[in-house]
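Visitor: I have a model open and would like to go through its packing. Can you take me through it?

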Amino acid sequence: MMKKVVSFAGFDTLFDTEVFYRAIGRLGERYNIDDNLVRNTYVEKELALMKADEFVKYSKLMEEALNQTADELGFKVDPSDFSDVLIAHTVMKPFPDAPTALYQIKAKGYETVLMTNHSRDLIQSNVINLDHEFDMIITAEDVQTYKPNQKFFDYVNNQLGNDVEKHVHVAVDEVKDLKPAQDAGWNVIKIDRKSEDASIASLMDTVDKL
């Protein structure tokens, strides 16, 4: 029997990352560095490290991205600072509509797959708040590479097998998720939470699009 699959990015799609980026932004406050500058610089450093050939576990990659951000902007990251940021990552909560949307998507006969650049040990602290049992959770640690590397998406295809009738990937990020998902031959649904005029501004909006 052929199956239908909806896969999801984790960060900014299912889980609200604001608490994490607030923690990063606060690192520059004692040096009077704009928190948005700290956040944006960190995002750039993290993405560059994710695209690197050598795979390192996410907690280590996060630490390196923070250190590179501090070096570029002229501030210092103490061990306690890194602990605060790591804790912030583990306490990220789902968007309020995520559990209901996942339930309704499952009720429509779709298997649900979480595809995350997080590590397996840390993602569990986020998933537990969703009250949803995914058919599959695939982390960068499993694949030994990060999205947007096409190997991640090829790995998912291999794990799903040849009996997939329809595969839709739901995400926010064009670079890490939507473009490589399209390159893998999947349908995509883009969520735009920042635009009031967006036709798909939440996870609940995706349910009717399936």
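**Helix contact and cores**

Guide: Tyr-58, Ser-59, Met-62, Glu-63 and Leu-66 in H3 meet Phe-82, Val-85, Leu-86 and His-89 in H4. Contact means heavy atoms within 4.5 Å; helices (H or I, at least four residues) and strands (E, at least two) are DSSP runs, numbered from the N terminus. This is a predicted model, where local features need pLDDT of at least 70 and side-chain atom pairs count only at pLDDT 80 or more, while totals for chains, interfaces and linings use all residues. Residues are numbered from 1 along each chain as its sequence is written, and side-chain values use heavy atoms, with hydrogens and water left out.

Visitor: At what angle do the axes of H3 and H4 cross?

Guide: Roughly 130°, and the axes come within 11 Å. The axes are lines fitted to C-alpha atoms, for helices over the stretch in contact, with angles from 0 to 180 degrees between N-to-C directions. That makes H3 oblique to H4; angles under 35 degrees count as roughly parallel, over 145 as roughly antiparallel, 65 to 115 as roughly perpendicular and the rest as oblique.

Visitor: Now the largest nonpolar core. Which residues touch the most other members?

Guide: Of its 37 residues, Phe-20, Ile-24, Tyr-42, Tyr-58, Val-85 and Phe-152 do. A nonpolar core is a set of buried Ala, Val, Leu, Ile, Met, Phe, Trp, Tyr and Cys residues joined through side-chain atoms within 4.5 Å. Buried means under 20% relative accessible area, exposed over 50%, partly exposed in between (1.4 Å probe, protein chains only).

Visitor: Which element gives the most to this core?

Guide: H3, with six residues.

Visitor: And what is Phe-20 in contact with?

Guide: Leaving aside neighbours within four places in sequence, Phe-20 is in contact with Tyr-42, Tyr-58, Met-62, Val-85, Ala-88, His-89 and Met-92. There is also a second, separate core of 23 residues, including Phe-134 and Ile-191.

Visitor: Change of topic: is Ala-9 buried or exposed?

Guide: Ala-9 counts as buried, at 3% relative accessibility. Ala-9 lies in strand S1. Its C-alpha is 7.1 Å from that of Asp-177, 168 residues apart in sequence.

Visitor: Is Lys-176 buried or exposed?

Guide: Buried, at 17% relative accessibility. Lys-176 lies in helix H9, and its contacts beyond four places in sequence include Glu-46, Lys-147 and Phe-153.
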